Amino acid sequence: MKAGEIIRSIETEEIESLRQQLNKPDLPDIYVGDTIRVGVKIQEGGKERIQPYEGVVIAKRHGSINATITVRKIFQGVGVERVFLIHSPRIANIKVIRRGKVRRAKLFYLRDRIGKATRVKQRFDRSL
């Protein structure tokens with residue numbers, strides 16, 4: 001075995017062990033169009049609290065340990081989007097509030113809509 005091959009095998013073992021440590025097995029199935037509530041850990045001074053962030057999932061990216069979701073909500077009349085790394089230690093919990101019925105993989109068109117036009121139909125076929 002050459003030195004390069006040994007280093008590569010050690011790196012892959014280390015990456016795999018990190019994946020095992022950071023993986024969150026208790027996450028619900030999240031689909032684009034769902035309304036979710038994400039509990040985000042916030043540091044304020046010396047204290048830590050969990051702040052809920054509720055909105056519609058408009059995009060999902062990547063897979064496995066690198067999976068991210070983009071969540072959009074309207075706050076004081078302004079659209080706010082946040083990208084969450086699903087397996088991040090800063091995410092305390094994720095709860096699906098309602099399932100959305102959509103026909104697109106990305107819902108970026110919601111950015112151009114105002115008021116009631118931003119609503120997504122509810123899907124009833126899967127349980128929460």
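Biologist: How many residues lie between β1 and β2 in their hairpin?

Modeller: In this predicted model, strand β1 covers residues 35-44 and β2 covers residues 47-61. The two strands run antiparallel and are joined by 10 bridges. G45 sits in the turn of their hairpin, with a positive phi of about 65°. The number of residues between β1 and β2 is 2.

Biologist: Which residue in β2 is the bridge partner of K41?

Modeller: β1 and β2 are joined by bridges and run antiparallel. One of the partners in β2 is V56, which pairs with T35. For K41, the bridge partner in β2 is I50.

Biologist: Which residue in the turn between β2 and β3 has a positive phi?

Modeller: Strand β3 spans residues 68-75, runs antiparallel to β2 and is joined to β2 by 5 bridges. R61 stands opposite T68 of β3. The hairpin of β2 and β3 has 6 residues between the strands. The residue in this turn with a positive phi, about 60°, is H62.

Biologist: Which residue in β5 is the bridge partner of T35?

Modeller: β1 also pairs with β5, through 6 bridges and in antiparallel fashion. T35 has a bridge partner in β2, namely V56. In β5, the bridge partner of T35 is R98.

Biologist: Is the aromatic pair of Y53 and F84 stacked or edge-to-face?

Modeller: The count of aromatic pairs comes to 1. In this pair, Y53 and F84 lie 5.6 Å centre to centre, with 65° between the planes. Planes over 60 degrees apart count as edge-to-face, so the pair is edge-to-face.

Biologist: How many residues apart are Y53 and F84?

Modeller: Y53 belongs to strand β2 and F84 to strand β4, residues 78-85. The pair thus links distant parts of the chain, and the separation is 31 residues.

Biologist: Are Y53 and F84 buried or exposed?

Modeller: Buried means under 20% relative accessible area. Y53 has 6%, and F84 has 4%. Because both values fall under that cut-off, Y53 and F84 are buried.

Biologist: Which residue lies over the face of Y31?

Modeller: The model has arginines placed over tyrosine rings, including R82, which lies over the face of Y53 at 5.4 Å from the ring centre. For Y31, the distance from the ring centre is 5.2 Å. The residue over the face of Y31 is R123.

Biologist: Which elements give two or more residues to the lining of the largest pocket?

Modeller: The largest pocket holds about 210 Å³ of space. Among its lining residues are T35, E54, G55, V56, R72, K73, I74 and R98. L110, T118, R119 and V120 also line this pocket. The elements that give two or more residues to the lining are β2 and β3.

Biologist: What separates the C-alpha atoms of V71 and V120?

Modeller: V71 is in strand β3 and counts as buried, at 0% relative accessibility. V120 is one of the residues lining the largest pocket. V71 and V120 are 49 residues apart along the chain, and their C-alpha atoms are separated by 14 Å.

Biologist: Is V32 buried or exposed?

Modeller: V32 is in the loop between α1, residues 3-22, and β1. Its C-alpha atom is separated by 19 Å from that of I114. V32 has a relative accessible area of 13%, and because buried means under 20%, V32 is buried.

How values were computed. Residues numbered from 1 in each chain as written. Predicted model: local features only at pLDDT ≥ 70, side-chain atom pairs only at ≥ 80, totals over all residues. Heavy atoms only, no water. Phe/Tyr/Trp six-rings, centres within 6.5 Å; stacked < 30°, edge-to-face > 60°. Helix = DSSP H or I, 4+ residues; strand = E, 2+ residues; numbered from the N terminus. Buried < 20%, exposed > 50% of the residue type's maximum accessible area, 1.4 Å probe, protein only. Lys NZ or Arg CZ within 6 Å of the ring centre and 35° of its normal. Pairing = 2+ DSSP bridges. 1 Å grid on protein atoms, 1.4 Å probe; cavity = no way out; pocket = protein on both sides within 12 Å on 5 of 7 lines; lining within 4 Å. Points joined across faces, edges and corners; volume = space filled by probe spheres on them.
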